Amino acid sequence: MQAFTIDEDNNITVFASSKEAANGGGGIEIFTSDEELARLASNWPGTRLIEIWNSLPGVEPVRRFTSKPVAVTRIWKAIQHLKPASSANGPRVASNKSGAKKKANRAAAQPNGKAAQLIALLREPQGATLKSIMRAMGWQAHSVRGFISRQLGKKMGLRVRSFKRDGERVYSVKG
């Protein structure tokens, strides 16, 4: 039966057995089932569960979970695809460094194409009305709103301000 360890830095390591996991050294916690992980997680702050989730390879980063049981279930399912490697290569590890790389890459991403065009409109001193954005981009209103929310707000981390001026929806970005 596979065993997993988690250290103080939230690195999860997979072992072929509990015996191998026990040889991992001090400062680690061992679990072999979702129930054991839930028991361990009951003593952890919610932020640790978020950090663990965001460090797993191939997952969509989150800002919060609805509850600890939901977090534990999602983490448990995500680590099931990890397999212990042969002892020559060492065990498979889900490191918290991957989450940091994703954030750094996302922040460093330079907008291009449609995103750059829209950001230029939003950076005008008076902002840009929904109608003017629709005209300039050739999009429908729901496409503009969706792009601003998902691409600019969530993916690029820009703070887009939305307000009404003379009854028209206006969007703007500072800086």
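Reader: Which residue forms a salt bridge with arginine 48?
Author: The model is predicted: local features need pLDDT of at least 70 and side-chain atom pairs count only at pLDDT 80 or more, while totals for chains, interfaces and linings use all residues. Residues are numbered from 1 along each chain as its sequence is written, and side-chain values use heavy atoms, with hydrogens and water left out. A salt bridge requires a side-chain nitrogen of Lys or Arg within 4 Å of a carboxyl oxygen of Asp or Glu. The closest N and O atoms of the pair are 3.7 Å apart, and the partner of arginine 48 is glutamate 29.

Reader: Is arginine 48 buried or exposed, and what is its relative accessibility?
Author: Buried means under 20% relative accessible area, exposed over 50%, and partly exposed in between, with a 1.4 Å probe and protein chains only. Glutamate 29 counts as partly exposed because its relative accessibility is 27%. Arginine 48 counts as buried, because its relative accessibility is 15%.

Reader: Which residues does isoleucine 6 touch beyond four places in sequence?
Author: Isoleucine 6 is found in strand β1 (residues 3–7) and counts as buried at 2% relative accessibility. Contact means heavy atoms within 4.5 Å. Leaving out residues up to four places away in sequence, isoleucine 6 touches Asn11, Ile12, Gly27, Ile28, Glu29, Phe31, Trp44, Arg48 and Ile52.

Reader: What is the angle between the planes of phenylalanine 31 and tryptophan 76?
Author: Rings of Phe, Tyr and Trp (its six-membered ring) pair if their centres lie within 6.5 Å; planes under 30 degrees apart count as stacked, over 60 as edge-to-face and the rest as tilted. The structure holds 5 aromatic pairs. Phenylalanine 31 and tryptophan 76 form a tilted one, with 6.2 Å centre to centre and an angle between the planes of 55 degrees.

Reader: Which residues form a cluster through ring pairs?
Author: Phenylalanine 31 lies in strand β3 and tryptophan 76 in helix α4, so their pair ties together parts 45 residues apart in sequence. Phenylalanine 31 is buried at a relative accessible area of 0%, and tryptophan 76 counts as buried at 14% relative accessibility. The cluster linked by ring pairs consists of Phe4, Phe31 and Trp76.

Reader: Within what arc do the buried residues of α6 fall?
Author: Helix α6 (residues 114–122) has Ala115, Leu118, Ile119 and Leu122 as its buried residues. They line one face of the helix, because their directions, seen down the axis of α6, fall within an arc of 100 degrees. The arc is that of the directions from the helix axis to the C-beta atoms. For α6 the value is 100 degrees.

Reader: How many bridges join β6 to β7?
Author: Two strands pair if DSSP finds at least two bridges between them. β5 and β7 pair in the antiparallel sense over 2 bridges, with threonine 129 partnered by valine 170 in β7. β6 and β7 also run antiparallel, and the number of bridges joining them is 6.

Reader: What is the phi of aspartate 166?
Author: Most residues other than glycine have a negative phi. Aspartate 166 lies in the loop between β6 and β7 and is exposed, with a relative accessible area of 78%. Although it is not a glycine, aspartate 166 has a positive phi of about 55 degrees.

Notes:
Helices (H or I, at least four residues) and strands (E, at least two) are DSSP runs, numbered from the N terminus.
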